[in-house]
Amino acid sequence: MRLLLAMFKHETNTFSPVPTPFERFFRGSSEVLSGDQAIAAYRGTGSALAGYIDMAHRLGAEIVLPVAAEAWPSGPVDDQAYRRISDMILEEVAKGGFEGILLDLHGAMVTQSLEDGEGALLKRIHELAARTPVGVTFDMHANMYDYIVKYATVVNGYHTYPHVDIYEAGLHTADIIARTIAGDIKPVMAWSNKPMLPHVMRQGTHSEPNKSLQAKCIAFEKVKALAASLFVGFPHADITNAGLSAVVCTDNDPPLARQICDELLGDAWRAREQFVFKTEPLEQSCARAKQIRQGPIVLLDHCDNAGSGGTMDTTIVLAEILRQGLENAVFYAIYDPEAVQRGVSAGIGAKVTLALGGKVPLPALRETNRPLEISGKVKLIFDGIFRNRGPMYRGVLNNTGTTVVLDTGQVEIVIISQHQEPFDVSCLQSAGIDPLQKRYIVLKSRVHWRAGFGELAREVIECGGLGVATSDYSQLEFKNVRRPIYPLDQM
């Protein structure tokens, strides 16, 4: 048996000014990750690709892996990058001889020319290998289009946010494709969407309404469906089909797939008001945090999350923390390669004054991104390479580029050269910081932080800052999403 495996992942924030060239998919390198090198990088990790690799080994299958490409969320993918990576996959498909194809995709990729990057790729794969079963694992934040379901054998999504079941979802997809190849099942799918853009800050499965919705998906998979996925969608993509959808796969039972799909969507629609996040004024949030005596207290600079396309260089939350005198704090992180180089040039132990952050314009927003003048001592300089402890994306290697820790005496600020959402405790430990010793842990994250820091937090304060990951839709101008749609429109 021969199986083609590939990873091509990007969550596109169409409001983000952060570019998405080819190199972003390989951590700033032009060197492609493929073949045995890709297998070594992902096998044994908490990724869907690792689930595919493990299933292939169980089946005794030969693995062909033309590319493993994933980029931090950012603006629309460059057309040249999309074509180049897609062609790596398509060239192998065209050679033929595969019993199955397993794709680790995101489901919210927008390019400079395409609203639905995944659907276009699947259509081209179908044109080359119409009879080959194709399994696709999607992020829960997928924005669904018809081509995706039309040209895949099965589409299967994660059931947790933060995403701590990515490996399991990949293994599940691979199992369905293996059973399809063996002739044991005949997958059929039904899908639809609802006109709603759930706020990301209200999508976590630690709370309602998504907790119960995903539990219902899991229950259906135990007794009725091969796969039942409710995708909450990625709302920061101003495209036609952004928003909540469901895809259900059954064993040769289209009416059952449609019934389950409609039931899931009906439940989500009735809970639509619970998906709305209400923002608290920043000054009030920091004042509340100051009154809490027992730490660690997690403060979220959630509007500027790199995991949703944020620049990671807005500073208004940091400025307010400093103004109100919150002490014994760590701030992760400010993306500012220029400031990093200033720190490196000064050296460990040197005192420096920096114009920190505020270097990336935010034309999609009504507010201006400005730098913050700040002074402190260079405490640490390191290469920014660390491996996730887990449970989310366990074992996957990260690279924040050259990284500097600046100690103001009040706040230790981690300054990075490449984007990284802080969802794993290793991001702090690798920078020589013990989060348990801090009263305040300030993270540019929305929900994923709960995977690594959730058990540490005695209190959580959500700070309304500045950034293209804002949950305040009034800060964004939607031009292309279908209308009417909730909560942009009253429905």
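Is Glu263 buried, partly exposed or exposed? Glu263 is partly exposed, with a relative accessible area of 31%, on a scale where buried means under 20% relative accessible area, exposed means over 50%, and partly exposed lies in between (1.4 Å probe, protein chains only). The structure is a predicted model, in which local features need pLDDT of at least 70 and side-chain atom pairs count only at pLDDT 80 or more, while totals for chains, interfaces and linings use all residues. Residues are numbered from 1 along each chain as its sequence is written, and side-chain values use heavy atoms, with hydrogens and water left out.

Side chains of opposite charge can pair when their charged atoms come close. With a salt bridge taken as a side-chain nitrogen of Lys or Arg within 4 Å of a carboxyl oxygen of Asp or Glu, the count comes to 20 salt bridges. In one of these, the side chains of Lys216 and Glu263 meet at 2.7 Å, N to O. Lys216 lies in helix α7 (residues 210-223) and Glu263 in helix α8 (residues 254-270), so the pair ties together parts that are 47 residues apart in sequence; helices (H or I, at least four residues) and strands (E, at least two) are DSSP runs, numbered from the N terminus. Lys216 is itself partly exposed, with a relative accessible area of 25%, and a network of salt bridges links Lys216, Glu263, Asp267 and Arg270.

Two further pairs can be set beside this one. Lys444 and Asp304 form a salt bridge through their side chains (2.7 Å, N to O). That pair links distant parts of the chain, with Lys444 in the loop between β18 (440-443) and α13, and Asp304 in the loop between β10 (297-301) and α10 (316-324), 140 residues apart. Both Lys444 and Asp304 are buried. Arg288 and Glu280 also meet in a salt bridge, at 2.9 Å from N to O; here Arg288 counts as partly exposed at 39% relative accessibility, whereas Glu280 counts as buried at 18%.

The next stop is strand β8 (residues 227-231), where five of its five residues are buried. In a regular strand the side chains alternate between the two faces of the sheet. In β8, Ala227, Ser229 and Phe231 point one way, while Ala228 and Leu230 point the other way. Strand β8 runs antiparallel to strand β9 (residues 245-251) and is joined to it by five bridges, where two strands pair if DSSP finds at least two bridges between them. Within this pairing, Val248 in β9 is the bridge partner of Ala228. The loop between β8 and β9 holds His236, which counts as buried at 0% relative accessibility and whose side chain reaches the backbone oxygen of Thr470 at 2.7 Å. Beyond β9, in the loop between β9 and α8, comes Asn252, whose phi is near 55°, a positive value in a residue other than glycine.

Grid points are joined across faces, edges and corners, and a volume is the space filled by probe spheres set on the points. The count comes to one cavity of 30 Å³ or more, and the largest cavity has a volume of about 40 Å³. Its lining includes Met201, His206, Arg446 and Glu462. Met201 sits in the loop between β7 (187-193) and α7 and counts as buried at 5% relative accessibility.

The second largest pocket holds about 200 Å³ of space. It is lined by 13 residues, of which Arg389, Val425, Gly452, Glu455 and Leu456 lie nearest its centre. Helix α13 (residues 450-453) gives the most to this lining, with three residues.

Finally, the backbone has two cis peptide bonds to note. The bond from Tyr161 to Pro162 is cis, with omega near 10°, and Pro162 is in the loop between β6 (154-157) and α6 (166-181). The bond from Glu208 to Pro209 is likewise cis, with omega near 10°, and Pro209 is found in the loop between β7 and α7.

Definitions and conventions
On a 1 Å grid over the protein atoms alone, a cavity is a set of points where a 1.4 Å probe fits but cannot get out, and a pocket is an open set with protein on both sides within 12 Å along at least five of seven lines; lining residues have an atom within 4 Å of a point. A polar contact is a pair of N or O atoms within 3.5 Å; within protein, one must be able to donate a hydrogen and the other to accept it, and residues adjacent in sequence count only if both atoms are side-chain atoms.
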